[in-house]
Amino acid sequence: MTAALSLNQASVRFGSRALWSEVNLALEAGEFLAVLGPNGAGKSTFLKVLLGLQRLTTGRAEVLGRPVRRGSAQVGYIPQHHNLEVETPLRAQDLVALGLEGHKYGIPWTSRKARARIEQLLGQVGAADYADRPVGLLSGGEQQRLRAAQALASNPALLLCDEPLHSLDLNHQRAITELIRSQAVERGSAVVFVTHEINPVIEHVDRVLYFARGGYRIGPVEEVMRSEVLTELYQSPVEVIEHKGRLVVMGEHAEGEHHND
Amino acid sequence: MIEQVTSSFSTENYWELFWLVRNSVITAGVLGLMGGIIGIFIMLRRSGLVVHGIAEISFAGAALFLLAGLDVVFGSAVGAVVAALLIGVLALRDKDTSGVTAVLMPFGLGLGIFFLHLYQGRTANRFGLLTGQIVGVDDVQTRTLVTGAVVIAAVLILIWRPLMFASVDPQLAAARGVNTNLLTIVFMVLLGGAVAMSVQVVGALLVLALLVVPSAAALKVARHPAAVVALSCTFATVSAVGGIMIAIMGTVPISPYITTISFLFYLVCLIVGWRQRRVRQRSAVQAGS
């Protein structure tokens, strides 16, 4: 079976600085990959590569066996939460409609079929109750559900999440995580979940991709999130402490970078 | 002062007068429809100041063409489109359009003053471009302005969805394959055209009354996309046409009427918006208790 996502000897450099190099990775349908690492280690660039917004310096990146392409319907994207303007002239269903056909030019007419799909998506993310409410008046968690619906609109094989839980309260964090997880399980989408904090998603994670200092480690949580592994990656002492199923990463560099954001 | 204004009013032969300015009324009406649509995007992209900047720089274009012995109206249109393109391109990288505008605007105005200084003829009657004029829109100009406005409105409708997407959530739109930079440039060209045409009616100093205030008012009270468009277009058209219909009764120029009517729309919408919010909060409290 073709991997949902595969990276082959993939590297990105800016000038003489290598952000990360020779990343090899194959993600199966339904797999949940958490991407961790300090700021500037290349997490966002990793997503940009998968979105077709950043070219690899060397190597290949493929989605379902095809080279990554900007605006591909096979790739869904949930950006970091930012509040929409209060006066945005859109209702919840209009925002989801943009996810479905916002890239299309021509007379802005929504077909009956598209309407049905939008209704279905709103139901899928639990946003049916506020379909007619103006988006600017919705809470952060509600807006983020709509972004999830936008990302799921094309039924993507690969779902990219850029810190989708950022600035959400715990309840909404849990709800959004569940939503993304169920997409992976029920529809067989591979999930790439970029985050500062692994704990909110730790029970769902199949593998971890940890970027730091130009290097990376990939593997199951228990293989990567270990003191000796991260110490080697950071090239300075890092301690990973497990406490009631939660992981705390402590180290001169790692700690600040995990919690200052 | 009040007496000075009221005594100048006369309703005698009103419809004959109205017939004389019919070209202006048609033009104002169509420009209002266009302004109502483009204004929504101006608000969403926070480009209010940019509109003002483009309008003022268009004055430099007009002054240059006056100096060169060419058509002043065409000069202001060229100035507006060039200014809009320049601002669009310079702001592509950091998205700070108001910063770029604030830098370009004084330079453009300075050039305009310089060109006017070099011009030997009488300039007083040319300042209609700053404060607007109603008489003297001939059939050809009407046709040009109406065609221009219809084209701009049509293009806006055809790029509505991607432009809305790029204006509301640029990051996501780019990820979905929308060419946000290209849309920014296209939008700025449309905006330059819209400003150039609006200058003909309300003047460079007051273009905001036609392009921004109606949309700002509509966004205070409505959220349904179609409702916002309908309200915004109505406010703009009523302000423009109403301003002319009142202005022909007296000697006061047209622009103060247009700006006042559109401001009144804004004021009413502001109050209605406050009340809507109060009602919503009250019902939220009741639902919570």
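Is B:V81 buried or exposed, and how many other C-beta atoms lie within 10 Å? B:V81 counts as buried, because 21 other C-beta atoms are found within 10 Å. Here, buried stands for 20 or more other C-beta atoms within 10 Å of a residue's own, exposed for 12 or fewer, and partly exposed for anything in between, with C-beta atoms placed from the backbone.

A word on the model itself. It is predicted, so local features need pLDDT of at least 70 and side-chain atom pairs count only at pLDDT 80 or more, while totals for chains, interfaces and linings use all residues. Residues are numbered from 1 along each chain as its sequence is written, and chains are lettered from A and ligands numbered from 1 in the order in which they are written.

Back to B:V81, which sits in helix α5 of chain B, covering residues 72-90. Helices are DSSP runs of H or I with at least four residues, strands are runs of E with at least two, and both are numbered from the N terminus. Beyond its neighbours within four places in sequence, B:V81 touches B:V189, B:G192, B:G193 and B:A196; a contact needs C-beta atoms, placed from the backbone, within 7 Å. As for B:A55, 26 residues away along the chain, its C-alpha atom is 9.7 Å from that of B:V81.

Zooming out, chain B has 15 helices and 0 strands. Its radius of gyration is 20 Å, close to the 19 Å from the globule rule for 289 residues, so chain B is as compact as a globular protein of that length. That radius is taken over C-alpha atoms, and the rule is 2.2 Å times the number of residues to the power 0.38. Along the principal axes, the C-alpha atoms of chain B fill a box of roughly 70 × 45 × 30 Å. Of its 289 residues, 49% are buried. Among contacts in chain B with a separation of 6 or more, 76% link residues 24 or more positions apart.

The C-alpha trace of chain A spans about 55 × 40 × 35 Å along its principal axes, and 41% of its 261 residues count as buried.

One hairpin in chain A deserves a look. Strands β11 (residues 238-243) and β12 (residues 246-251) of chain A run antiparallel, joined by 6 bridges; strands pair if DSSP finds at least two bridges between them. Within this pair, A:E239 stands opposite A:M250 of β12(A). The hairpin has 2 residues between its strands, and A:K244 takes a positive phi near 50° there.

Notes. Contact = placed C-beta atoms within 7 Å.
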